[in-house]
Amino acid sequence: MMDDFEEMPGNKPLRLPKKAAKVKNKAPAALQITAEQLLREAKERDLEIVAPPPKTKISDPEELAEYQRKRRKEFEDNIRKNRSQIANWVKYAKWEENIGEMQRARSVFERALDTDHRSITLWLQYAEMEMRNKQINHARNIWDRAVTILPRATQFWLKYSYMEELIGNIPGARQVFERWMEWEPPEQAWQTYVNFELRYKEIDRARTIWQRFLHVHGHDVKQWLRYAKFEERFGYVGNARA
């Protein structure tokens, strides 16, 4: 019988692996489970209906106040653990909004902005909350602050101008666009302004915007060709040739 160890020169004895044990009983099991049965059982487990948690009905004002106090404590605890987690602030503010506490919701957003005033998500959520609740002056104030702090954030300018146009304040929307163009934004911003004027049949204003755009981005020949097509589209063939 061979030893389980083999001497290696200058080293400790090396243990050789033993032979794998042989299976003594190769007969099939009495109960056979097919792959189809395994898949079916897995599917059935997925379809098990889990009863939703019972809804709590609160009719007592004191009980309601206690419930709200506990919920606020939960939100505050989450924020205390991670103040930089924007989602925690947004959930908190939306909860206050849903129960009609607009002042508290605003306070949450203001605290969040003190933590991260460059968060595009916070500004968008804050302004959209005011718009949902038809608080136009509040929303306008937030958009003004947002575009002042982050003037390169295209979403702010688009939503701000859209809000003014939506409420019929066309001069106000035009003023927002003018403030935006002072930053010499990319091509798409100018085209949005042109389309805005065309919606109100302001051809001369649209032409002026085109000319200002070419003064900023006129290094691309394609833009001049687009301007020529614009003039041709409205019947000003002479301007297109020029």
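**Charged pairs and a cavity**

I started with Arg226, which counts as partly exposed at 31% relative accessibility. I keep in mind that this is a predicted model.

Next I looked up the partner of Arg226. Arg226 forms a salt bridge with Glu187, and their closest N and O atoms are 2.3 Å apart. Glu187 sits in helix 9 and Arg226 in helix 11, so this pair ties together parts 39 residues apart in sequence. Glu187 is partly exposed too, with a relative accessible area of 34%.

Then I checked for cavities. Helix 9 gives the largest share of the lining, four residues. By class, I noted four nonpolar, two polar and two charged residues in the lining.

Back to charged pairs: how many salt bridges does the whole structure have? My search finds 20. One of them joins Arg72 and Glu96, with the closest N and O atoms 2.7 Å apart. Arg72 is in helix 2 and Glu96 in helix 3, 24 residues apart. Are these two buried or exposed? Both Arg72 and Glu96 are buried.

My last pair was Glu97 and Arg132, whose side chains meet at 2.8 Å, N to O. Glu97 lies in helix 3 and Arg132 in helix 5, so the pair ties together parts 35 residues apart in sequence. Glu97 counts as buried at 13% relative accessibility, whereas Arg132, at 44%, counts as partly exposed.

Definitions and conventions:
Residues are numbered from 1 along each chain as its sequence is written. This is a predicted model: local features need pLDDT of at least 70, side-chain atom pairs count only at pLDDT 80 or more; totals for chains, interfaces and linings use all residues. Side-chain values use heavy atoms; hydrogens and water are left out. Helices (H or I, at least four residues) and strands (E, at least two) are DSSP runs, numbered from the N terminus. Ala, Val, Leu, Ile, Met, Phe, Trp, Tyr, Cys and Pro count as nonpolar, Asp, Glu, Lys and Arg as charged, and the others, Gly among them, as polar. A salt bridge is a side-chain nitrogen of Lys or Arg within 4 Å of a carboxyl oxygen of Asp or Glu. Buried means under 20% relative accessible area, exposed over 50%, partly exposed in between (1.4 Å probe, protein chains only).
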